[in-house]
Amino acid sequence: MVNRRAAWHPVAFASALTTTPLAATLLATPLVLWRDSNGTAHANSDISVHRGTALSGGCVKGDTIACPYHGWQFASSGECTLIPQLEDATRVPSKARIDAYACREQNGMIWVALEAPKFDIPSISEFDDTSWRWVECGPYIWNADASRQLENFTDFGHFPWVHPGLLGDPSRPVVPDYDVAVEGNVVSYTIVRPEAPNSDDFPIFANGETEAPLRRSQYQIFTPYTLLLHLGWGGKEGMIYFFVSQPIDDQHSSGFLMIGRNYNFDQPDEVLRDFEDVIFNQDKSIVESQRPKMVPFASTAELHMKFDAVALNYRRTMLANGFDN
């Protein structure tokens, strides 16, 4: 049975991992993230095999991470290479090792898989295209499982009520029809809907000045917790949302969002970040109130309406790929 350990998950923005080790928690597993002398990112257990000290409080020495308590040094493979307290510091017992995990840097994030991942990390062709500019938003730490955080991002019905004037309009609450397709672990759907005009505080969308601008949204959910969204308004201008939720444990998640756009480069990045901070904070209290904190994947567990087709297909695909545990 595949489970959530057998998947790539984000644990930090790549920019946050410098020469100083960084602590993270993935599926209740304490991790230490660090870069070696070549700048390559690694992920190991944050618990020293010697006295349980957090290695994230230590430092990097060449191609090893050193424990702050006794100076033991561990390679990225998890093998201890040096114990200073020994007469011959290199005569290290074979049991002196820590767990090592698959780690990759891609799409501006550090990804970790606790077990061999079943699916690869989605690629974004525009990420290295100089005609696009990217902005980091978050991370957004919620008291809710990653499944709830991801599913909320795909829910159209709440826009007029939770984000009036920003993403929705209470006078237009009906969700337009759309079709959903599933292939493997990917749920795809496109929706064209009217949205609220740009607000004075956040003029970030290229939707013109019409009273009810139309937005074309092309979504792909890569289970378990990755979403790729292409936005367009009928012209050459486009925006990309790449959102991934980190399952810290069954009741906590951290959302990482990269936003790309090919227009309005003169606008400060902070405008986009401030907008997303508002949106995610509006969602936070709602999602944190949901019970249970993890999405109930059985189709009969909650009532579903026609406009909930995305959520229903997401839940079915999670079940089909074994990501419900």
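**Close-up views of a predicted protein chain**

Strands β2 and β3 form a hairpin that leaves two residues between them, and L27 in this turn has a positive phi of about 50 degrees. The model is predicted, with local features requiring pLDDT of at least 70 and side-chain atom pairs counting only at pLDDT 80 or more, while totals for chains, interfaces and linings use all residues. Residues are numbered from 1 along each chain as its sequence is written, and side-chain values use heavy atoms, with hydrogens and water left out.

View 1. Strand β2 covers residues 22–26, and its antiparallel pairing with β3 runs over five bridges. Two strands are said to pair if DSSP finds at least two bridges between them. L26 has T29 in β3 as its bridge partner. Strands (E, at least two residues) and helices (H or I, at least four) are DSSP runs, numbered from the N terminus.

**View 2. The hairpin of β3 and β4.** Strand β4, residues 41–45, pairs with β3 in the antiparallel sense over five bridges. R35 stands opposite A41 in β4. Five residues lie between the strands of this hairpin, and G39 takes a positive phi near 85 degrees. Strand β3 itself (residues 29–35) is mostly covered, with six of its seven residues buried. Here buried means under 20% relative accessible area, exposed means over 50%, and partly exposed lies in between (1.4 Å probe, protein chains only).

**View 3. Strand β1 and its partner β10.** Strand β1 spans residues 9–13, and five of its five residues are buried, so β1 is largely enclosed by the rest of the structure. An antiparallel pairing over four bridges links β1 to strand β10 (residues 109–113). Within β10, I110 is the bridge partner of A12.

**View 4. Helix α1.** Helix α1, residues 146–153, is mostly covered, eight of its eight residues being buried. Among the buried residues of α1 are R148, E151 and F153.

**View 5. The setting of these elements.** The protein chain contains four helices and 17 strands. Its radius of gyration is 22 Å, close to the 20 Å that the globule rule gives for 325 residues, so the chain is as compact as a globular protein of that length. This radius is taken over C-alpha atoms, and the rule is 2.2 Å times the number of residues to the power 0.38. Of the 325 residues, 51% count as buried. The C-alpha trace spans about 80 × 50 × 30 Å along its principal axes.
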